[in-house]
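Subject: Structure handover

Hello,

Here is the structure I promised you. My notes on it follow below.

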Amino acid sequence: MSQVEKKAGLLRRTSSSKKPLKEKVVLMYDEIFAKEDPAKNNPRFWDELFLMKVNLEYLESKLESVDGEDVQRIQDNINSLFHHCVQALGEEHQIKVVNALQTLCALFRGVHQKNKSASGFDIINMLMGFDKAEQRMKDLMERLDSLLCGGGSESLKSLCLKLLLCLVTVTDNISQNTILEYVMINSIFEAILQILSDVSSRGQHGYDAVVLLALLVNYRKYESVNPYIVKLSIVDDEPTLDGMGMVVHQALTEYNRQYKDKEEENQGGFFSTLTSMVGSMFIADADEKLSVQTNEAILLALYEAVHLNRNFITVLAQSHPEMDIPTTPTTPTPTTPTTPLGTTPPSLDMMNNPELPLDPNLQTSNLLITFLKYASIVMQDTKDEHRLNSARLCLIILTCIAEDQYADAFLHDDNMNFRVNLHRMPMRHRKKAVDKNIPSRPLVCAVLDLMVEFIVTHMMKDFPMDLYMRCVQIIHKLLCYQKKCRIRLHYTWRELWSALINLLKFLLSNETTLLAKHNIFHLALLVVNLFNMFITYGDTFLPTSNSYDELYYEIVRMHQVFDNLYCMVLRVSTNAGQWKEAASKVTHALVNVRAIVNHFDPKIESYAAVNHISQLSEEQVLEVVRSNYDTLTLKLQDGLDQFERYSEQPKEAAFFKELVRSISLNVRKNVSLNTLSQDVLLKEFSTIS
């Protein structure tokens with residue numbers, strides 16, 4: 001039996017000599033794929049077709065099996081099927097609308113599967129006919145728009161969004177999907193906004209609406225004017241922006257909760273007993289299982305909102321009860337073992353209850369806190385390309401936030417203190433942090449904690465240079481704001497200094513290996529300039545004069561690392577080679593650090609000799625530092641508080657192109673036949689005449 005026949009609906013098998021009977025709808029599909037006009041002998045053909053339950057699999061497989069010559073032969077019938085589908089969307093009989101939407105989905109997918117190598121124009125011609133394409137797509141988009149904005153069935157709205165997601169993701173590269181030109185001309189942007197601004201529709205359709213918008217924004221974004229980019233950048237309606245933020249917040253919260261549950265599951269029971277018996281030899285495997293796939297589609301939506309719309313920044317700080325601790329039990333979304341964690345939309349219970357009852361004992365949260373927790377999970381494991389890209393997107397979002405003046409203002413606001421429980425990678429040489437010990441601090445402290453955590457935990461052979469560069473640049477941008485606004489942040493700066501010095505130490509120890517792949521001098525320069533920032537301007541933003549003394553103490557205590565770095569960059573800069581200029585910049589940048597070391601070292605040795613002390617305590621060294629500032633000479637370095645602003649084009653264009661391709665493939669896979677199952681819809685409409 002052929003593949004197509006297998007997929008036909010078999011009604012019964014009477015005897016081995018007789019062929020199985022086909023469903024009526026399958027016979028009607030066969031008529032469409034014959035040369036004759038199916039309505040020629042049956043004027044009611046199209047009316048009857050849309051009353052039949054769609055056999056998506058059979059219809060798609062028929063489209064995929066059509067040979068090149070047959071395409072021309074049946075093109076009129078395919079055009080006619082498309083036309084009647086669009087017409088059926090205006091029917092009052094809702095079962096016809098459901099079947100028309102399903103059929104359109106099969107048409108878009110089947111034709112693209114068959115014609116992967118064909119040009120977009122050939123596909124448009126096969127589906128609609130060139131001469132009528134503009135009108136057909138205008139009618140289709142208008143009908144979809146009215147279904148999405150009307151007061152009709154929620155299931156129909158859901159199916160409309162599924163159809164649009166199906167249409168947007170039929171090609172691997174979204175920008176090669178020529179049909180989307182018509183979606184640009186006949187915009188459904190307002191319909192998407194209406195869904196997001198309404199609490200009820202947002203609860204049921206917000207996730208699909210946000211993912212659809214994120215994909216549409218990325219259609220030929222560098223080649224032409226994309227109306228969805230223009231419109232998204234000027235949205236200033238508060239309920240709409242809040243709605244978008246709520247959808248993203250709920251999706252990330254759901255992921256965080258699932259991760260936490262999985263983490264607790266792995267820590268309990270037999271596994272926990274086994275590891276306590278034989279030590280921590282299995283820890284790495286456990287972590288690997290927890291490093292689950294991220295929800296990149298929702299992350300992309302957050303990026304586009306933050307990057308394109310300045311008004312969205314206010315949504316990041318919008319406070320509401322923390323959703324990590326549900327006040328009422330929610331029904332989790334059932335996931336199969338093969339479903340990657342976080343790729344499914346949040347459960348409907350959660351989406352339908354955006355307003356949780358206020359509990360005086362419950363800490364308030366906001367989108368930024370939820371995102372930081374999410375990023376702390378994603379950034380733990382960057383061993384494969386997929387996770388590396390997710391971490392990169394998180395850091396790009398944080399870069400955009402760190403550059404925004406309004407975002408910086410609420411990050412540093414002393415009146416907005418939160419306890420942010422970031423996930424920390426289990427490491428043998430440090431104890432697991434206890435959640436209750438986390439102090440309530442301005443949000444910038446959590447951002448800095450996340451950066452320090454990344455720096456400390458990713459010094460490995462397969463060094464993620466790009467992520468380290470972004471981390472250090474985010475820290476620099478935050479320091480520039482603190483210096484500019486003279487904000488004295490009460491933060492454990494020593495942890496940051498220690499992490500940065502250890503990073504330099506790592507670069508020195510692995511110089512040969514790293515130089516084969518990376519320009520380590522660029523990163524070293526950024527790190528040294530962070531120290532220069534503290535040395536030159538620290539008195540304007542460090543919390544106390546004691547903090548400034550501690551900075552000098554750390555530099556003097558770890559002087560060997562700076563000495564070794566100077567020797568290395570001097571060696572490279574005095575030899576001809578590709579790194580000569582880059583190393584030379586680091587040599588110049590080290591001038592003040594070396595001046596501090598050369599000034600205080602003899603003073604400390606002299607103090608120890610005079611007082612007959614072999615090893616000075618920290619307090620004694622600090623005393624020497626405080627009493628010898630007057631004779632220290634430092635050079636004023638220019639441009640320490642300047643930085644290059646983030647720009648997506650051209651630097652990040654290739655990254656986003658690949659990311660959108662990956663998301664598109666994932667969405668296409670998830671908008672599968674089972675998600676378009678009619679059973680629920682037909683049950684809902686069975687009472688409608």
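Phenylalanine 656 is buried, at 2% relative accessibility. Keep in mind that this is a predicted model. Tyrosine 303 is buried too, with a relative accessible area of 0%.

These residues bring us to the aromatic pairs. The count comes to 24. In one of them, the ring centres of tyrosine 303 and phenylalanine 656 lie 4.6 Å apart. Their planes meet at 25°, which is under the 30 degrees cut-off, so the pair is stacked. The pair links distant parts of the chain. Tyrosine 303 belongs to helix 17 (residues 296-308), phenylalanine 656 to helix 33 (residues 653-670). The two residues are 353 residues apart. Phenylalanine 656 has a charge over its ring as well: lysine 221 lies over the face, at 5.4 Å from the ring centre.

Now take tyrosine 548 and tyrosine 629. Is this pair stacked or tilted? The ring centres are 6.1 Å apart and the planes stand at 40°, so the pair is tilted. Tyrosine 548 has a relative accessible area of 15%, so it counts as buried. Tyrosine 629 comes to 22%, so it counts as partly exposed. The cut-off for buried is under 20%.

There is an aromatic cluster to look at. Tyr491, Trp493, Trp497, Phe534 and Phe541 form it. Elsewhere, arginine 594 lies over the face of tyrosine 566, at 3.6 Å from the ring centre.

Next, the backbone. Most residues other than glycine have a negative phi, and most peptide bonds are trans. Here are some exceptions.

- The peptide bond from glutamine 649 to proline 650 is cis, with omega near 5°. Proline 650 lies in the loop between helix 32 and helix 33.
- Arginine 220 is not a glycine, yet its phi is positive, near 45°. The residue is in the loop between helix 12 (199-217) and helix 13 (227-234).
- Arginine 486 has a positive phi of about 50°, and it is not a glycine either. The loop between helix 24 (465-485) and helix 25 (493-509) holds arginine 486. With a relative accessible area of 57%, arginine 486 is exposed.

On to the cavities. How many of 30 Å³ or more does the structure hold? There are six. I looked into the second largest cavity, which contains about 50 Å³ of space. Its lining consists of Ser376, Met379, Gln380, His423, Met425, Leu450, Glu453, Phe454, Thr457 and His458. Which helix gives the most to this lining? Helix 23 (residues 443-457) does, with four residues. By type, the lining of the second largest cavity has four nonpolar residues, five polar and one charged.

Last, the cysteines. A disulfide is a covalent bond between the sulfur atoms of two cysteines. This structure holds zero disulfides. Cysteine 105 is buried, at 2% relative accessibility. Cysteine 166 is buried as well, at 3%.

Best wishes

Note on methods:
Residues numbered from 1 in each chain as written. Predicted model: local features only at pLDDT ≥ 70, side-chain atom pairs only at ≥ 80, totals over all residues. Heavy atoms only, no water. Disulfide = S-S within 2.5 Å. Buried < 20%, exposed > 50% of the residue type's maximum accessible area, 1.4 Å probe, protein only. 1 Å grid on protein atoms, 1.4 Å probe; cavity = no way out; pocket = protein on both sides within 12 Å on 5 of 7 lines; lining within 4 Å. Points joined across faces, edges and corners; volume = space filled by probe spheres on them. Nonpolar A, V, L, I, M, F, W, Y, C, P; charged D, E, K, R; others polar. Phe/Tyr/Trp six-rings, centres within 6.5 Å; stacked < 30°, edge-to-face > 60°. Lys NZ or Arg CZ within 6 Å of the ring centre and 35° of its normal.
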